[in-house]
Amino acid sequence: MLHWIWVLIVGGVIGLIAGALTGHGKSMNWIANILAGLVGSSLGQALLGEWGPKVADMAIVPSILGAVILVIVVAFIMNKIRPAAD
């Protein structure tokens with residue numbers, strides 16, 4: 001049980017870092033941060049492997065890079081779906 005709490009916390013922090021690096025962090029709530037961190041972690045580790053330091057079974061560097069990729073892709077799609085008002 002404690003492991004899953006750590007996974008959620010680390011996922012949230014990874015999502016928070018990815019949002020800050022991309023400039024889209026202000027538009028994300030804590031649930032979006034956790035989802036971006038968890039999905040981005042899976043994406044990053046699938047693309048880049050599991051290297052570097054690990055916390056809660058997540059390799060930190062590939063996880064952050066995967067979350068950054070995910071946030072950029074989702075922001076691009078959302079901008080295409082909902083263009084900014086002029």
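Biologist: Which helix supplies the largest share of the lining of the largest pocket?

Modeller: In this predicted model, that share comes from α3, with six residues. The lining has 13 residues in total, and Met 28, Ala 32, Val 71, Val 74 and Ala 75 lie nearest the centre of the pocket. Both α2 and α3 supply at least two lining residues each.

Biologist: What is the make-up of that lining by class, and what is the volume of the pocket?

Modeller: Nine residues of the lining are nonpolar, three are polar and one is charged. The volume of the pocket is about 350 Å³.

Biologist: Which residues of α1 are called buried, and against what do they pack?

Modeller: Buried means under 20% relative accessible area. Among the buried residues of α1 are Val 7, Val 10, Ile 14 and Ala 18. The buried residues of this helix pack against α2 (30-48), β1 (54-55), β2 (58-59) and α3 (60-81).

Biologist: What makes a set of residues a nonpolar core, and how many residues make up the largest one here?

Modeller: The members must be buried, of the listed nonpolar types, and joined through side-chain atoms within 4.5 Å. The largest such core has twelve residues, including Val 7, Ala 56, Met 58 and Val 71. To this core α1 and α3 each supply at least two residues.

Methods
Residues are numbered from 1 along each chain as its sequence is written. This is a predicted model: local features need pLDDT of at least 70, side-chain atom pairs count only at pLDDT 80 or more; totals for chains, interfaces and linings use all residues. Side-chain values use heavy atoms; hydrogens and water are left out. Buried means under 20% relative accessible area, exposed over 50%, partly exposed in between (1.4 Å probe, protein chains only). Helices (H or I, at least four residues) and strands (E, at least two) are DSSP runs, numbered from the N terminus. Contact means heavy atoms within 4.5 Å. On a 1 Å grid over the protein atoms alone, a cavity is a set of points where a 1.4 Å probe fits but cannot get out, and a pocket is an open set with protein on both sides within 12 Å along at least five of seven lines; lining residues have an atom within 4 Å of a point. Grid points are joined across faces, edges and corners, and a volume is the space filled by probe spheres set on the points. Ala, Val, Leu, Ile, Met, Phe, Trp, Tyr, Cys and Pro count as nonpolar, Asp, Glu, Lys and Arg as charged, and the others, Gly among them, as polar.
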